[in-house]
Amino acid sequence: MPPAHPFDDDKLKEECGVFGVIGVSDAANFLALGLHALQHRGQEAGGIVTHDPETGFNSVRRFGYVRDNFTDQDTMKMLPGPLGIGHVRYSTAGSKGQTAIRDVQPFFGEFSMGGAAIAHNGNITNADALRRELIERGSIFQSSSDSECIIHLMARSLQRNIPERMEDALRRVEGAFSVVAMTRTKLMGVRDPLGVRPLVLGKIGDGYALSSETCALDIIGAEFIREIEPGEMVVITDKGVESHFPFRRRKSRFCIFEHVYFSRPDSILGGRSVYETRENIGRELAKESPVEADLVCPVPDSGTPAAIGFSLESGIPYAMGIIRNQYMGRTFIEPTESIRNMGVRLKLNVNRALIKDKRIILVDDSVVRGTTSRKIKEMILDAGAKEVHFRIASPPTAWPCFYGVDTPQREKLLAATMTEEEMRQHLAVDSLKFISLDGLYRAVGEANGRDPKAPKYCDACFSGEYPVAPSDMIDKGFELKAAE
């Protein structure tokens, strides 16, 4: 794949999206629509596996967007059947940026009792150790993806059927996983005991759908039934949905960054509208870090709901001071150094008539490396702004994520090496304020803020407190935060 555009390089990548349907005619068409709705969760590659009683299992995996690969009739004819699963990906484990087609999910395995396909969102934190053990015992890996470990563990299991083998395999796995899988007659969904990554269940006609987000149920006209619970496994057949809990019960630790950035604003998470949560984040920011200014402007598109909330709470007018070019793909031509140096301007342009001679509050979802923030600030000043104040709708991102998000190494995270004031000086803005961790918890409905003894969410990227020890990374020398 060509490199991501410079604008995208300063954002955390949204792990992956999974989708599955059963009991519908032409499952592949529903899968393509569902994956299209989840495209924001993975733009590198996508795959679909279906099963048809006459032709058996069928698979298509491609690089690039869903709309470019799963819309022509010839491709869709290769995917017959009433049952299927699909996956869109960024590389969170394996060969980042140089993905081979063999790394693209769903993965398929043929077992003694029949075939099974699996698609995984998350990251297995003990994948290196599992891979070494499996290879020593004779397993032959086809990909560099951690998800392939699950298929090999299933193959080695002594359980009688595929759902039981998948349970057996996932008990060996550490980290975060939301999995959709299928056999010839079953659609399965599983979340890890902490429920770090999302997975929801929907009803479509006489059939069912599993999805990373509710927005993908909307696009196919499915009714949202409920979230799959942390540690739950559902097995769906033509007889309905069976549910059980194969793992030891633990308190859930859903990824709080799903509320901040990853999920689409029109999705529902934990019974809460993502859009309303982000608006609440903006309101909390305005309460915590007020500043005198003339306009509140979002960094589009992810900063928009928080900017609206900031404006409503502060009474400072909201304005689209930055306009996003909606047709700027991630793989835009970069033929010369001079074009590359235009950087953010290829994707964002300042609304000069609004900005000139104004004090501007810029609301963005996060600061990772800070490279994009500096470029946006320069564009705003070039347009004649008097002052630039950054307000960030998440706490400082100071720690890498090992649960399915492509985070830079810790030393490349601005907040890992600088204080807030040092970051302000580095970005050369008039003020810089992040929402507090307590403020973020209040915005997602925890009135008393974060309980440090029992946090409700996984917030390791902000707090450095990892709910599952990243054993592979610790073996490679990663140092956990010292106990306070």
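P163 lies in helix 6, where helices (H or I, at least four residues) and strands (E, at least two) are DSSP runs numbered from the N terminus. The model is predicted: local features need pLDDT of at least 70, side-chain atom pairs count only at pLDDT 80 or more, and totals for chains, interfaces and linings use all residues. Residues are numbered from 1 along each chain as its sequence is written, and side-chain values use heavy atoms, with hydrogens and water left out.

**P163**
- P163 counts as buried because its relative accessibility is 11%; buried means under 20% relative accessible area, exposed over 50%, and partly exposed in between (1.4 Å probe, protein chains only).
- Leaving aside residues up to four places away in sequence, P163 touches K186, M188, M233 and V235, contact being heavy atoms within 4.5 Å.
- L201 is 38 residues from P163 along the chain, and their C-alpha atoms are separated by 18 Å.

**Helix 5 and helix 6**
- Helix 5 (residues 148–156) packs with helix 6 (residues 162–171) at an angle of about 120°, the axes being 8 Å apart.
- Axes are lines fitted to C-alpha atoms, for helices over the stretch in contact, and angles run from 0 to 180 degrees between N-to-C directions.
- The two helices are therefore oblique to each other; angles under 35 degrees count as roughly parallel, over 145 as roughly antiparallel, 65 to 115 as roughly perpendicular and the rest as oblique.
- I150, L153, M154 and A155 of helix 5 make the contact with I162, R165, M166, A169 and L170 of helix 6.
- By class, the residues of this contact are eight nonpolar, no polar and one charged; Ala, Val, Leu, Ile, Met, Phe, Trp, Tyr, Cys and Pro count as nonpolar, Asp, Glu, Lys and Arg as charged, and the others, Gly among them, as polar.

- An open sheet is formed by six strands in the order 5-6-7-8-12-13, with antiparallel pairing; two strands pair if DSSP finds at least two bridges between them.
- Strand 5 (107–111) and strand 13 (240–244) are the edge strands, each pairing on one side only.
- On average, neighbouring strands of this sheet are turned by 20° against each other, direction ignored.
- Strand 7 (residues 175–182) pairs with strand 8 (residues 187–191) in the antiparallel sense over five bridges, and V190 in strand 8 is the bridge partner of V179.
- Helix 5 packs on the sheet and touches strand 5, strand 6 (114–124) and strand 7; the direction of helix 5 makes about 10° with that of strand 5.
- Helix 6 also packs on the sheet, and its direction makes about 20° with that of strand 8.
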